[in-house]
Amino acid sequence: MKSAGGLVIGAFVLLLAIWLLWVVQTAIDIGAGPRLAEQAFAGLPATGVSNPVTAVLLSYRGYDTLLELAVLLAALLGIWSLGAASPGFQAAGAVLQGMVTLVVPLLILAGGYLLWVGGHAPGGAFQAGALLGAAGVVMRLAGDERAGLPPLAAQRWLVVAGVAVFVLVGIATMGLGAGFLAYPIGWSKWLILAIETAATVAIGTTLAAAYVGGRPWSHADVSGQS
Amino acid sequence: MSLESLLPVSILLSSLLPGVFIFLVKEESHILRGVLNMAGALIKLLLVGVMIWGVYRGEVYETRLTLAPGLDLVLAADALSVLFVTLSTVLWLVTTIYAIGYLEHSPNRSRFFGFFSLCVSATVGIALAGNLLSFVIFYEILTLATYPLVAHRGTPDATRGAKIYLAYTMSGGVLLLVGAIWLQAITGPVDFTQGGYLGVLSEGLHGPLVAVFLLLLAGLGVKAAIVPLHGWLPQSMVAPAPVSALLHAVAVVKAGAFGILRVVYDVYGVGLADQLGLLTLLGILASTTIIYGSIRALSQDGLKKRLAYSTVSQVSYIALGASILGPIATIGGMVHLVHQGIMKITLFFCAGNYAETLGVHNVSQMDGVGRRMPLTTLAFSVGALGMIGIPPIAGFVTKWYLGLGAVEADAHWVLLVLAASSLLNAAYFLPILYRAWFRPEPDSWPKESLPQGRFETMGALLWPPLITAALCLIAGLFAAAPFSPLEWAELIARREYL
Amino acid sequence: MAQLLYGGAGVVLFALGLWAFLVYTPLLRKLIALNIMGSGVFHLLIAIAERGELPPDPVPHALVLTGIVVAVSATALALAMGRRLEEDEGGR
Amino acid sequence: MVDSLALAVSVPLVGGLLATAIPKRAQALGLLASLVAVIAVAWVLVGVWQEGSLRSELGGWAAPLGIALVADGLSAALLAMAALVALGVGVYATGYFRRGDAAAHFWPLWLLLWAALNGLLLAADLFNIYVTLELLGLTAAALGALTGSVEAVSANLRYLLVGLLGSMTYLLGVALLYTAHGTLDLGLLAAVIQPGPVAASALVLMTAGLALKAALFPLHFWLPPAHANAPAPVSAALSALVVKAAFYLILRLWLDVFAPVVTPWAASLMGLLGAMAIIWGSWRALRSERLKLLAAYSTVAQIGYLCLFIPLLQALPPGSERDDLFVALVLMALTHGLAKAGLFLAAGLVQRDAGHDRIDDLGGTAQNMPATTFTIALAGTALIGLPPSGSFIGKWILMTSAIESGQWWWILVILVGTLLAAAYVFRVLSRAFNLEPTPRRFVTQARTEVPALLLALASVAVLGLAADSLWRLLGMGEGA
């Protein structure tokens, strides 16, 4: 019975795939034009960055990125609301510990580099944040219960930092009369860098905290008291 | 906003607002609740008085609120609505007094009086509704507001009765809704017009118009308790006596009957309704109901059940009047709207008094109640004799005009119906009167509660039936006086047959 | 042609993921299936960014980056919920 | 230039951040943010009322390169409904969550959900819609699992997975459209779209994805357990707002963007699914043993009602009749939203007072809490579609259109649905009439009971009697 159901689903999915392949072909034929590339490149000088992907992420479609950081935050909040984290792993042996002391600084360094290079070459806040998060994961694997993160109260500020800086910049530019997230000429490079830095920290912290998998439980944190 | 446009909505609000506040009143604040109740009832009476005078002189009162393009909530006063508004306002006042006395020590009074006021507001809304949409709105609100009253006692019987009531009225409600929407889809938004507004439509639409009429009649017939849609009415007898009085004399069945009058006179117009054969259908249904209700009443031992079947029968006089072409029968039907109300409410008040004071619920227990409760029984007798059609009580006037109208319209079979119905009325009312006055009273009444004063029962329970019984006599004796129900019905008929 | 090749691969991935999602019940398999579906869509987006000789269209690239972060977030939350359920069942 | 559209999204977002960072003050900050957000939404509303529609290009980049926020009458009306519900839910939550850590978890997620909702309603970009959908789905699932019970977590895990499946399907549709047309902006897309396999496939994929999220029959299976097991304020928001948001997108796509692509056949299919949702949802609601489950199944039915409008809208030529029908659809959605929020909030109070929400054993509680029972009654009136609620007017216009366009069979569905709804609503209300002692006062806990009552009352009295202003807001009818 179950296999019969699977067969029906398989047949349906197969037909869907064939149909979609044909549709994709048709779509490619219809849309052979330049799409948005030319406009994206034409706008580059005004964004203050020379990497077009960063320009799309932080300038043209910065609002998407803002909300996407909120999605990440929401996932962590959801994880925290589910309960306390499991206890950490046992402390690493000497060899692993040695590797950790080597790898973690490297990861952080590489993250910093990716953040800076993102302005003109592939790289940026997400890649950098992912490396920071990886550093946290490594530390937790090596026995650090908190994945190298500060206490919960400080973590809370760190994880909101990315969205906070982003949205405050948006509100500030609006207050200056330029519209939400419309960076003033000349400022845009530095504003983007500030946003990306905050985002990197927030992403790294969030990923590591999500890996911890719950509220750090060994601390009498504020949320449990009131 | 001028006074003319504020008056209808003020009449509505005079019971709606007290109702809302009554819900919020703490259970133990009897006095505040009583003040709200009586203030609302008296203010309404005053406003209705102003309206009667204005409508008599030909003033136009109309409140209009646009709900959506083409959908106006209209409250307007014409002669027919004034007739119904006056009836419900006067009887609401009396019933409120009665209910305050009747429910003196019972639970959940804030809830009861809140819905009681909502119920009257809905009835007034039905009376003043200036188009079919407004009528449907208040008709449905009436269903909602009466359900808690029927279920009020909270016993399994009450819950069951309320469920049956709801099943009937909701089903009727959706049919009415479809009919009203269909009609509006055909004609567009039109207000009720004296003489009807469908006569101008082309003959090609006559098929849909018949279908719409059947839908409307089915919806209205449920509340008007036309056979075979009457099943809820005897079941809802479990409600407290003031509720039964209200349902039977003022609100629910009257709303149905009033709706039939509106549809026949102010939507279709008698001419078109006759041409489509709808009047004949209505006449047959009404006659069947009159006879059937009377026959069923004969075999009921429960006093309230007997009265309930009597209501089934008597309300259809109104529809019967509408089904006979010609102004005289129209007058008979219209005036019965009032006459049946005051007679039936008297009977229900008295039934409530017997039950409350003596614990008497069945006809077979009524031996000698006339000696123990002479005033109540006197009022009961006036109501019962009026129902039979004995002059000079109000019921006689109705039957006289219906008979004359039938002769005028060459519908002689109606006379047979009237005669048979009167005989049956006598057959189920006279034995009660005989028992009450001429049989010896039993040694002790079951559950007798001692009277607390000079009277046979509490004043708040005794005065209302006496007042309404007096009204039955006055309406019959002074039928030709200005502003009597009969005179007013003639005014309506003059305007409808212009 | 290259577009169709890579885009088509994306469609196939999407279909495979969909099939696995519908057929298998364990949470982990469903999550992996969803991520494969996501990869399929991202694949398609990357494929259409290609414009032959010219530099590629950066917009789909950015969309994919955003999409990946969203997918990671959702996966993390789903995993945490699944683990919570496992703990509750283990505790009984 | 102050941009009210951006503020409508960013104010709840900032509130959520603050509530995250300072959990001890989460409730106070949350309420404050709610108030400011309501003001922002009111600002949008005033703007739309005066201008007809608002558009703001974020970052100073015009579409297709940038992302725009657009508020027209439809989105403004839904924004306002969301703000009302959110305010009610917020006040209610202060009385509902007794433990501080529950409130500290509720507020950040809740404000993020609200931000996502506002963002979704204002979005004019297909990919931006995807991001807001995900934010909405994640926060909704997390909030739904807040009680931490096994039922709640597993139901909401399923909701999360189903939501992700929906998002992926939607995103594939978006990718196809971008492949063919090179733009993501709704307005630009509407101008270039042509009937054909690409557009049709994209519409099918996106609709299927959204239908999963909107719990459109037969894709509704996840909804009843997820909504019935969430904390009451969350259930209210999920049923009243989150599901409606997905339906709003379906509507946008079908009526605005893909209007030339939609065939009568496809529209009738939507109507048919809606009809089945009405019958099935109402029937299951009638058979439900628990009050919150009843409310959840009734949501399935209400989405069905909204779908019934689609074939009729498709059949009518542009003109005042179609405009009226469209506003009626919005009116119905608003009424159901407010009523369902009130119903769930009231159900939560009943559950807390009785310790359970089994309908057959609710007697004492129903009679003890007049205000709450009243809320259920008012909400029930709106759900049945009885006057004077807004859904009565909506239903009247819907049935008028069904008669005028000759698709009379939908009327039968509406009639059956109405009677079933009356049956399930009064099945609950009849418990309020019993022999328990009389309650002493109308309201027992004002902070929770009054918001619920006001929401339900708004669905009945305000939307019913002031419906005409909705025509004005949507720029239709004589007021426009």
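Me: Where does B:Pro228 sit?
Reply: This is a predicted model. In it, B:Pro228 is in the loop of chain B between helix H7 (206–223) and helix H8 (232–235).

Me: Which residues does the cis bond in chain D join?
Reply: D:Ala63 and D:Pro64 are joined by a cis peptide bond, with omega about 10°. D:Pro64 is in a loop too, between strand E1 (54–57) and strand E2 (68–71) of chain D.

Me: OK, phi angles next. What is the phi of A:Leu181?
Reply: About 65°, which is positive, although A:Leu181 is not a glycine. A:Leu181 belongs to the loop between H7 and helix H8 (188–212) of chain A.

Me: Is A:Leu181 buried or exposed, and why?
Reply: A:Leu181 counts as buried because it has 31 C-beta neighbours inside 10 Å. The cut-off for buried is 20 or more.

Me: What about B:Phe483, what is its phi?
Reply: Phi of B:Phe483 is near 65°, again a positive value in a residue other than glycine. Its place is the loop between helix H19 (459–477) and helix H20 (485–496) of chain B.

Me: Staying in chain B, how do E1(B) and E2(B) pair?
Reply: Strand E1 (residues 61–68) and E2(B) are antiparallel, with seven bridges between them.

Me: What is between E1(B) and E2(B)?
Reply: Two residues, and the two strands form a hairpin. In the turn, B:Gly70 has a positive phi of about 80°.

Me: How many residues of E2(B) are buried?
Reply: Five of the seven residues in strand E2 (residues 71–77) of chain B are buried, so the strand is mostly covered.

Me: Now a helix. How far apart are the end C-alpha atoms of H2(D), and what should the span be?
Reply: Helix H2 (residues 26–51) of chain D has 26 residues, and at 1.5 Å a residue it should span 38 Å. Its end C-alpha atoms are 36 Å apart, so the two agree.

Me: What follows H2(D)?
Reply: D:Gly52 does, and its phi is positive, near 95°.

Me: Let's zoom out to the chains. Which pair has the most contacts?
Reply: Four pairs of chains touch, and the most contacts are between chains A and D. That contact takes 50 residues from chain A and 50 residues from chain D.

Me: Which element gives the largest share on the side of chain A that touches chain D?
Reply: H4(A), with twelve residues. The elements giving two or more residues there include helix H1 (2–30) and helix H7 (152–175) of chain A. By type, that side divides into 29 nonpolar, 16 polar and five charged residues.

Me: And how many residues does the contact between chains D and C take?
Reply: 21 residues from chain D and 24 residues from chain C. On the side of chain D, helix H5 (126–144) and helix H6 (150–181) give two or more residues. H6(D) has the largest share, 14 residues. That side of chain D has 18 nonpolar residues, two polar and one charged.

Me: Which chains do not touch?
Reply: Chain B and chain C are one such pair, with nearest C-alpha atoms 42 Å apart. No contact joins chain A and chain B either, and their closest C-alpha atoms lie 36 Å apart.

Me: Last topic, the nonpolar core. Which residues of the largest one touch the most other members?
Reply: A:Ala70, B:Leu83, C:Leu77 and D:Val85, out of 544 residues in that core. From chain A, the core draws at least three residues from each of domain 1 (1–33) and domain 2 (37–217). The centres of those two domains, over C-alpha atoms, are 37 Å apart.

Me: What is C:Leu77 in contact with?
Reply: Apart from neighbours within four places in sequence, its contacts include A:Ala75 and A:Ile79 in chain A, and D:Leu138 and D:Leu160 in chain D.

Conventions: Residues are numbered from 1 along each chain as its sequence is written. Chains are lettered from A and ligands numbered from 1 in the order in which they are written. This is a predicted model: local features need pLDDT of at least 70, side-chain atom pairs count only at pLDDT 80 or more; totals for chains, interfaces and linings use all residues. A nonpolar core is a set of buried Ala, Val, Leu, Ile, Met, Phe, Trp, Tyr and Cys residues joined through C-beta atoms within 7 Å. A residue is buried if 20 or more other C-beta atoms lie within 10 Å of its own, exposed if 12 or fewer, and partly exposed in between; C-beta atoms are placed from the backbone. Domain bounds come from an automatic or database domain assignment. Two residues are in contact if their C-beta atoms, placed from the backbone, lie within 7 Å. Helices (H or I, at least four residues) and strands (E, at least two) are DSSP runs, numbered from the N terminus. Ala, Val, Leu, Ile, Met, Phe, Trp, Tyr, Cys and Pro count as nonpolar, Asp, Glu, Lys and Arg as charged, and the others, Gly among them, as polar. Two strands pair if DSSP finds at least two bridges between them. The expected span of a helix is 1.5 Å times one less than its number of residues.
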